[in-house]
Amino acid sequence: MKLFAAFVLCAFWGTAMGADIKVLSAGAVEPGIVKLAEQFRKGTGHRARIQFNTAPQLEKRISGGEVADVLIAPPGLMDAQVRRNKIEADSHFVIGRVGVGVVVRAGANEPDIATLDRFKQSLQSADSLVYNQASTGLYLEKMFDLLGIGDSLKSKTTRYANGAQVMEHVIAGTGNEIGFGAITEIRLLEPKGLKYVGPLPAQIQNYTSYSAGVLTEAPAPEVAREFVKYLATPASKAIFFAAGIE
C-alpha cells in the first residue's frame, strides 16, 4: 500500500508541476516565442524549452533523428517535414511573418533608405556590408544582383552563418558599415549597441513566414498540441505583432 501511495503521489506531483516540451525554433521569432513560452508556463505549469537555430541547422537536427515536441520553421522546412510525416498534418499553422531590416551600430550615421534609389546609393557608398548565409542573406544576394549592384558589393560584404553573429559584428564594427537581418533579431539586440534604421524599401521587402507544428514522434504530444494552439490565440498574436512578427 505504501508503495502504491508513493506512486500515486509522484504521479500527482508530476501532473501538478507540469511537463517539459522541447521546441526547435527558427531564431527570427525568438522575441515573441520567448515571451509566450513564459506566459504558457505561468498559465499551465508546462515548460517549453526552446532551442533556436537557422533553418538549415534545424533540418540537419531533424534529419539526424533528434527527438523534439514542436517545430517552428519557415515554409520550405515545415512543408518538407509534413511530406515526410514528421509533423502532424492537422497541428501546424502560420504564426506570422518577419521582414528584413537595416541596422547600424549605435551612434553611427544612418544610411538613407527612404527610397529605392537612395537605398542603392547608400549601399554603394558604404564601407562594408554584413548579412547572414541563411534565408535572409540568400534573398539579399539575389536582390542585389537584380538591382544591378551585386558585383560591386561583393568585395566589401561579410557573411555569417546566422543573424546573431551578424548583429555581434555590427555592434563591434567601425566606419560606415550597414547590416541586414530579420527585424525581430535587430530589435532584440538593439539595447546592446544597435540602431534599427528601418525596413527594406517596400518595393524590395521580403517576408519570411513561420509555422508551428507538433512533431509526430513528440514525447509529450498533448502538451505540444496545447502549446501550438496557445500560439494561435488573439493574445498571442498581439505579442507576436509587438515583437515585429506580423
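**Figure 1. Lys22, Arg61 and Glu66 are joined in a network of salt bridges.** The view is taken from a predicted model. Eleven salt bridges are present in the structure as a whole. Side chains of opposite charge can pair when their charged atoms come close.

Figure 2. Arg41 is partly exposed, its relative accessible area being 26%. Glu38 is likewise classed as partly exposed, at 32% relative accessibility.

**Figure 3. Glu88 and Arg225 form a salt bridge.** The closest N and O atoms of Glu88 and Arg225 are 2.8 Å apart. This pair links distant parts of the chain, 137 residues apart. Glu88 belongs to the loop between helix 4 (75-83) and strand 4 (93-98), whereas Arg225 lies in helix 10 (residues 221-230). Glu88 has a relative accessible area of 14% and therefore counts as buried, the cut-off being under 20%. Arg225, with a relative accessible area of 26%, is partly exposed.

**Figure 4. Arg225 also forms a salt bridge with Glu222.** Between Arg225 and Glu222, the closest N and O atoms are separated by 2.7 Å. Both residues lie in helix 10, three residues apart, which is about one turn of the helix. Glu222 is exposed, with a relative accessible area of 57%, while Arg225 is partly exposed at 26%.

Note on methods:
Residues are numbered from 1 along each chain as its sequence is written. This is a predicted model: local features need pLDDT of at least 70, side-chain atom pairs count only at pLDDT 80 or more; totals for chains, interfaces and linings use all residues. Side-chain values use heavy atoms; hydrogens and water are left out. A salt bridge is a side-chain nitrogen of Lys or Arg within 4 Å of a carboxyl oxygen of Asp or Glu. Buried means under 20% relative accessible area, exposed over 50%, partly exposed in between (1.4 Å probe, protein chains only). Helices (H or I, at least four residues) and strands (E, at least two) are DSSP runs, numbered from the N terminus.
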